[in-house]
Amino acid sequence: MSIVLSLTGQLDLAERLSRTEARDWLARAAVWFEGIGDAVLDAHVVRDGDERPVLLVALHPAAPAAEVRLGASGRLRVSAPTGVPGPGYHIHLCDLFRQMADEFEFEWVADDCADPTNYFHSRDRGACERAFLRWLAEVCATRPKSIGLPTNHGFTYYAEVLTPLGPRTHTWATEVAANPEKGRDFFAWWSPDLDPMFYRGRALVRMWLDFFWRPPLSEAEGELADQIANDLASSFKLDPAAELPWAEWLELLTAIAGDEDGYCVTPNDEGLSIELWKHMGPLPAPGAKDRIGYRRFAVRVPLDGGWSVEVPGELARERNDDRTWTAWDRTRTVWFHPLRFTKPGGEPPTAAETAEVGRKSLPEGEPLPGFDRDGLRGEAVFGPVEEDGRTLWRLSGVTGAPGQLAVCNVYIENEADRDWAVRTWHSLRPGP
């Protein structure tokens, strides 16, 4: 059983809405959500695959954004997976959408609203909490490798069970399956109140899943760092005795202080830094497994065309409209683009044939040893290249698979990173 809140409401309309009018209404709702308080991280309107407007409301990093859609007849539909963050999130979201109905003067259609916990109809918090514990117990009984993470998360951090609040063991999962009450600490948002534990839990999830453990390289990364810092500071102010990730919090503030491009707005608070030093014990050793953050380790990233590649977790990443994918930090860049081929008769070429097509497009450079394994064929060259007035080293590689080709360029500032560049190119894989 998954826990998904599904609500249906009806606006009182004199005439049908155009798509532009629906988008404008959702945009006004986005502004309302943005101003409702600390719980809402982001609210904005996007277009779905059919060019219809959708309002996305994000409250917690452990859950996808709630989707709000408005049809031409005034039918309002909400879909929000709530199982992973916890009953506090579910209850808070239910109450938030009731507030929305009051603010925008419409009614939820009770018979068309589905809540697996029944909280939206009954307001029974205890029953809601028990439903979440039963859900977790059912998942734990399947002996999962991860709980609450996307299937393609790609984290290579080794542990028996990965969760949004850190690694667990099979023993823990077995105990929760037998006694669901032992799973309460899985949930980052247990109480619906915006209390110290709410802010602590939201910060910890983002530190485990999202933070890059270096100064930000974009506005989005700067906003992420600021939000984590704000949540930790809010938890500390509400309860100075709370147990917080002191060493990682100081590391976060150090990354913010190293922001040379002005992406962060969190001020430098020397008093807070001193307070953190008072609380923290010995600094963890680099590479220690007890440090918070899955992205301290390599991540296998899904790419277009069904390919994937393994890169350091701290690299920033983006996709362009032309299906080009890039990952980078201040000294390294990985660039990827997929291509597909068919022969004149329509059949797919072999891996060797696609690799041969790719080899002909490689620039000048020192040929690197190719490979022929697992149904893949690879060719690459390595050498210096001028970029923006500076000399970099570039690995230009292609990896052929039946009917498709992966083109991969790896740029490095230090020639000593050559072996890393080769490993990155070798890590390209098609398929799941």
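The largest pocket draws on several elements: α6 (196-209), α7 (219-238), β9 (299-302) and β11 (316-319) each supply at least two residues of its lining. The biggest share of that lining, 5 residues, comes from α7. Helices (H or I, at least four residues) and strands (E, at least two) are DSSP runs, numbered from the N terminus.

This is a predicted model, in which local features need pLDDT of at least 70 and side-chain atom pairs count only at pLDDT 80 or more, while totals for chains, interfaces and linings use all residues. Residues are numbered from 1 along each chain as its sequence is written, and side-chain values use heavy atoms, with hydrogens and water left out.

**Pockets and a cavity**

In the largest pocket, 36 residues form the lining, and Leu209, Asp210, Leu224, Arg295 and Arg317 lie nearest the centre. The second largest pocket is lined by 20 residues, with Leu165, Asp185, Met197, Arg200 and Leu204 nearest its centre. Here α6 gives the most to the lining, with 6 residues.

There is also 1 cavity of 30 Å³ or more. Its lining consists of Pro363, Glu364, Gly365, Val381, Phe382, Gly383, Pro384, Val385, Arg394 and Ser396. Both β15 and β16 supply at least two of the lining residues, and β15 gives the most, with 5 residues.

| Space | Volume | Lining by class |
|---|---|---|
| Largest pocket | about 1,100 Å³ | 21 nonpolar, 6 polar, 9 charged residues |
| Second largest pocket | about 430 Å³ | 12 nonpolar, 2 polar, 6 charged residues |
| Largest cavity | about 40 Å³ | 5 nonpolar, 3 polar, 2 charged residues |

On a 1 Å grid over the protein atoms alone, a cavity is a set of points where a 1.4 Å probe fits but cannot get out, and a pocket is an open set with protein on both sides within 12 Å along at least five of seven lines; lining residues have an atom within 4 Å of a point. A volume is the space filled by probe spheres set on the points, which are joined across faces, edges and corners. Ala, Val, Leu, Ile, Met, Phe, Trp, Tyr, Cys and Pro count as nonpolar, Asp, Glu, Lys and Arg as charged, and the others, Gly among them, as polar.

**A buried arginine**

Now to Arg168, which sits in strand β8 (residues 166-168). Arg168 touches Glu160, Val161, Thr163, Asp185 and Phe186, leaving aside residues up to four places away in sequence; touching means heavy atoms within 4.5 Å. A polar atom of the Arg168 side chain lies 3.2 Å from the backbone oxygen of Asp185.

**Helix α11 and its cover**

In helix α11 (residues 418-426), the buried residues are Trp420, Ala421, Val422, Thr424 and Trp425. Their cover includes β10 (307-311), β13 (332-340), β14 (366-373), β15 (376-387), β16 (390-401) and β17 (404-412).

**An open sheet**

Elsewhere, 6 strands form an open antiparallel sheet in the order β2-β3-β4-β5-β1-β6. Its edge strands, β2 (42-47) and β6 (107-108), each pair on one side only. Two strands pair if DSSP finds at least two bridges between them. Strands β3 (residues 53-58) and β4 (residues 66-70) pair in the antiparallel sense over 3 bridges, and Leu55 has Val68 of β4 as its bridge partner.

How values were computed: Polar contact = N/O pair within 3.5 Å; in protein donor to acceptor, adjacent residues only side chain to side chain. Buried < 20%, exposed > 50% of the residue type's maximum accessible area, 1.4 Å probe, protein only.
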